[in-house]
Amino acid sequence: MQDSEHKVTLSELRGKVVVLNFWASWCAPCIEETPSLVDMQHKMRDKGITVLAVNVDDDDDAYHKFLANYRVDLLTVRDARKASNTMYGTFKFPETYVIDRNGVMRRKFIGAVDWSSPEVVEFLTKLGSGVS
């Protein structure tokens with residue numbers, strides 16, 4: 001995935017648990033889940049959890065405005081061509097894939113997630129510690 005600011009490949013993130021999140025600035029459920037996703041990344045970063053947030057906006061200005069307004073400091077990339085979400089079969093946003101340290105998809109979430117819920121935190125903590 002590449003935009004004008006970042007080039008990211010999942011292989012670069014091998015060895016980490018990756019929370020691959022597809023989102024859009026115009027998507028109400030995406031807006032709803034963003035604060036807990038950002039907070040989860042801050043709390044779980046030291047446990048080997050990395051969020052890669054892939055935006056599918058056509059409008060670069062809307063993408064950057066969203067990042068600023070919601071103080072998104074995650075690893076983000078804008079895929080206006082929608083090549084990456086098409087590759088994953090993602091068409092409803094937000095949609096998130098949790099990929100373990102070996103590159104195996106362990107869970108898929110469709111729709112907004114409360115990333116601070118005990119069940120999700122426990123799941124990510126176990127993956128981060130190598131327990132699946």
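Helix H1 spans residues 28-44 and comprises 17 residues; helices (H or I, at least four residues) and strands (E, at least two) are DSSP runs, numbered from the N terminus. From first to last C-alpha, H1 reaches 25 Å, close to the 24 Å expected at 1.5 Å a residue, the expected span being 1.5 Å times one less than the number of residues. The model is predicted, so that local features need pLDDT of at least 70 and side-chain atom pairs count only at pLDDT 80 or more, whereas totals for chains, interfaces and linings use all residues. Residues are numbered from 1 along each chain as its sequence is written, and side-chain values use heavy atoms, with hydrogens and water left out.

H1 has a kink of about 40 degrees at Thr 34, shortly before the proline Pro 35; the bend at a residue is the angle between axes fitted to the seven residues ending there and the seven starting there. Thr 34 is also among the buried residues of H1, which include Cys 30, Glu 33, Leu 37, Val 38 and Met 44 (buried, under 20% relative accessible area; exposed, over 50%; partly exposed, in between; 1.4 Å probe, protein chains only). The packing partners of these buried residues are strands E1 (17-23), E2 (49-55) and E4 (95-99), together with helices H2 (60-69) and H4 (118-128).

The protein chain contains four helices and five strands, arranged along the sequence as β-α-β-α-β-α-β-β-α. Of its 132 residues, 47% are buried. Among contacts (heavy atoms within 4.5 Å) with a separation of 6 or more, 66% join residues 24 or more positions apart. The C-alpha atoms fill a box of roughly 40 × 25 × 25 Å along the principal axes.

Seven salt bridges are present, each defined as a side-chain nitrogen of Lys or Arg within 4 Å of a carboxyl oxygen of Asp or Glu. One of them joins the side chains of Asp 60 and Arg 78 at 3.1 Å, N to O. This pair links distant parts of the chain, with Asp 60 in helix H2 and Arg 78 in strand E3 (residues 75-78), 18 residues apart. Asp 60 is partly exposed at 28% relative accessible area, while Arg 78 is buried at 16%.

In another salt bridge, the closest N and O atoms of Lys 108 and Glu 95 are 3.4 Å apart. Lys 108 belongs to strand E5 (residues 105-110) and Glu 95 to strand E4, so the pair ties together parts 13 residues apart in sequence. Lys 108 is partly exposed at 40% relative accessibility; Glu 95 is buried at 2%.
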